[in-house]
Amino acid sequence: MCIATPGLVISVNGDIAQIDYNGSIVTANRGIVDCKKGDYVLVHAGLIIQKLSSNEASDMLDIFNELGEL
């Protein structure tokens, strides 16, 4: 099973976005998800699959932190 954690978009260049996961920077393809710098997203297999509101991202990060997963 794969669980996606929220990442923060730090830059977008065409269809490629740089995502910050608590200091780890990864590259992901935007596909059909319209995102910009400052958005929170979920990524699976190098593809952004969903944009999150700040509240959704914060709630998810709180849960993962409580579980000791981050």
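How many bridges join strand β1 (residues 7-13) to β2? Five bridges join the two strands, which run antiparallel.

## Model and confidence

The structure is a predicted model, in which local features need pLDDT of at least 70 and side-chain atom pairs count only at pLDDT 80 or more, while totals for chains, interfaces and linings use all residues. Residues are numbered from 1 along each chain as its sequence is written, and side-chain values use heavy atoms, with hydrogens and water left out.

The protein has a mean pLDDT (the predictor's confidence in each residue, from 0 to 100) of 92, and 96% of its residues reach 70 or more. Confidence is lowest in α1, with a mean of 93, and highest in β1, at 97.

## Strand pairing

Helices (H or I, at least four residues) and strands (E, at least two) are DSSP runs, numbered from the N terminus. Two strands are taken to pair if DSSP finds at least two bridges between them.

Ala 17 stands opposite Ala 28 in β3, and Gln 18 has Thr 27 of β3 as its bridge partner. On the β1 side, strand β4 (residues 40-44) pairs with β1 in the antiparallel sense over two bridges; Leu 8 has Tyr 40 of β4 as its bridge partner.

## The two faces of β2

In a regular strand the side chains alternate between the two faces of the sheet. Strand β2 (residues 16-21) has a covered face made up of Ala 17, Ile 19 and Tyr 21. Its uncovered face holds Ile 16, Gln 18 and Asp 20.

## Residues with positive phi

Asn 22 is in the loop between β2 and β3, whose hairpin has two residues between the strands. Its phi is near 55°, a positive value in a residue other than glycine. Asn 22 counts as exposed because its relative accessibility is 74%; buried means under 20% relative accessible area, exposed over 50%, and partly exposed in between (1.4 Å probe, protein chains only).

Ala 45 lies in the loop between β4 and β5 (47-52). Phi of Ala 45 is near 55°, again a positive value in a residue other than glycine. With a relative accessibility of 75%, Ala 45 counts as exposed. Its C-alpha atom is separated by 22 Å from that of Ser 58, 13 residues apart along the chain.

## Helix α1

Helix α1 (residues 54-67) has 14 residues and should span 20 Å at 1.5 Å a residue, the expected span being 1.5 Å times one less than the number of residues. The end C-alpha atoms are 20 Å apart, which agrees. Gly 68 follows α1 and has a positive phi near 75°.

## The largest pocket

The largest pocket has a volume of about 180 Å³. Eleven residues line this pocket, and the closest to its centre are Pro 6, Asp 20, Tyr 21, Asn 22 and Leu 61. On a 1 Å grid over the protein atoms alone, a cavity is a set of points where a 1.4 Å probe fits but cannot get out, whereas a pocket is an open set with protein on both sides within 12 Å along at least five of seven lines; lining residues have an atom within 4 Å of a point. Grid points are joined across faces, edges and corners, and a volume is the space filled by probe spheres set on the points.

β1, β2 and α1 each supply at least two residues of the lining.
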